[in-house]
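Please examine the structure shown below.

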Amino acid sequence: MLVDLHFVNLSHTKCIDELIGGQIEALENAGIKGVIFSKIDYLVYPEAYAVLAFNSEKKLVGGARIYQRSLEKVLPLEHDESYLPEEFRKYITEKKNFFELRGLWVAKEYIGNDLGKEITRKCIENAYKLGAAGIVATGQKRTYEYYGKYFNFEIDSRIPPFPFPDKRFETVVAFHKKENW
């Protein structure tokens, strides 16, 4: 596979546009066109991290973001502009010291191998090294079937699947607990 994975603090890197651009391209390749990311997807503050995957030509070919709640910052899912319906945000807020895993993608030429799993594994590993008690993530139901179950994420039954980015795709909220790692 010849890919290098790097764990970085987003406030110390200039790759956020490239990271989001790659995610948009991956969504478009999957048939999800015209997704407009809100400003919460571009949040960069000291508690924002990423796992970046670079190929041998140093091209970004995958990644994901990890957010840590702080006294000054909420998780993107808790934010006023979150796509998660407001009535369900309380289920995120009630989790103490949870991090959020967001925006996993891999480039088209890497679909079908385990790069997505390796990025996810590195995100989980580093969140726990930073002191997380658990992780919350959203994903399309079919993504959960592939990644979520593999890493022992559990869907919160209090939050029904919701359409995001549109009605063709059911998105679920899942939690990972440190003791399941």
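Val172 is buried, its relative accessible area being 3%; buried denotes under 20% relative accessible area, exposed over 50%, and partly exposed the range in between, with a 1.4 Å probe and protein chains only. Val172 belongs to strand β8. Here helices (H or I, at least four residues) and strands (E, at least two) are DSSP runs, numbered from the N terminus. When neighbours within four places in sequence are left aside, Val172 is in contact with Ala137, Thr138, Gly139, Lys141, Tyr144, Ile155 and Pro161, where contact means heavy atoms within 4.5 Å. By contrast, 30 Å separates the C-alpha atoms of Val172 and Lys14, two residues that are 158 residues apart along the chain.

The model is predicted: local features need pLDDT of at least 70, side-chain atom pairs count only at pLDDT 80 or more, and totals for chains, interfaces and linings use all residues. Residues are numbered from 1 along each chain as its sequence is written, and side-chain values use heavy atoms, with hydrogens and water left out. The term pLDDT denotes the predictor's confidence in each residue, on a scale from 0 to 100. For the protein chain the mean pLDDT is 87, and 92% of its residues reach 70 or more. Among the elements of the chain, α3 has the highest mean pLDDT (95), whereas strand β7, residues 162-163, has the lowest (80).

Attention now turns to empty space. Rolling a probe the size of a water molecule over the atoms shows where such space is left. A 1 Å grid over the protein atoms alone is used: a cavity is a set of points where a 1.4 Å probe fits but cannot get out, while a pocket is an open set with protein on both sides within 12 Å along at least five of seven lines, and lining residues have an atom within 4 Å of a point. Grid points are joined across faces, edges and corners, and a volume is the space filled by probe spheres set on the points. The largest pocket holds about 1,100 Å³ of space. Its lining comprises 42 residues, and those nearest the centre are Leu104, Gly139, Gln140, Thr143 and Tyr147. Two or more lining residues come from each of α1 (16-29), β4 (98-106), α3 (115-129), β5 (134-140), α4 (141-148) and β8 (170-177). By class, the lining has 24 nonpolar, 13 polar and five charged residues; Ala, Val, Leu, Ile, Met, Phe, Trp, Tyr, Cys and Pro count as nonpolar, Asp, Glu, Lys and Arg as charged, and the others, Gly among them, as polar.

Helix α3 contains Thr120, which counts as buried because its relative accessibility is 4%. Apart from neighbours within four places in sequence, Thr120 is in contact with Leu101, Leu104, Tyr147 and Phe151.

The structure holds nine salt bridges, each a side-chain nitrogen of Lys or Arg within 4 Å of a carboxyl oxygen of Asp or Glu. In one of them the side chains of Glu78 and Arg69 meet at 2.8 Å, N to O. Glu78 counts as buried at 11% relative accessibility, whereas Arg69, at 23%, counts as partly exposed.

Another salt bridge joins the side chains of Glu125 and Lys129 (3.8 Å, N to O). Both residues lie in helix α3, four residues apart, about one turn of the helix. Glu125 is partly exposed at 29% relative accessible area, while Lys129 is exposed at 62%.

Glu170 forms a salt bridge with Lys141, the closest N and O atoms being 3.8 Å apart. This pair links distant parts of the chain, with Glu170 in strand β8 and Lys141 in helix α4, 29 residues apart. Glu170, at 41% relative accessibility, counts as partly exposed, and Lys141, at 35%, counts as partly exposed. Elsewhere, a network of salt bridges links Glu94, Asp156 and Arg158.

Most residues other than glycine have a negative phi. Lys58, however, has a positive phi near 65°. Lys58 is placed in the loop between β2 (48-54) and β3 (60-68), and counts as exposed at 61% relative accessibility. Asn97 likewise is not a glycine, yet has a positive phi of about 60°. Asn97 is found in the loop between α2 (90-93) and β4, and is partly exposed, with a relative accessible area of 40%.
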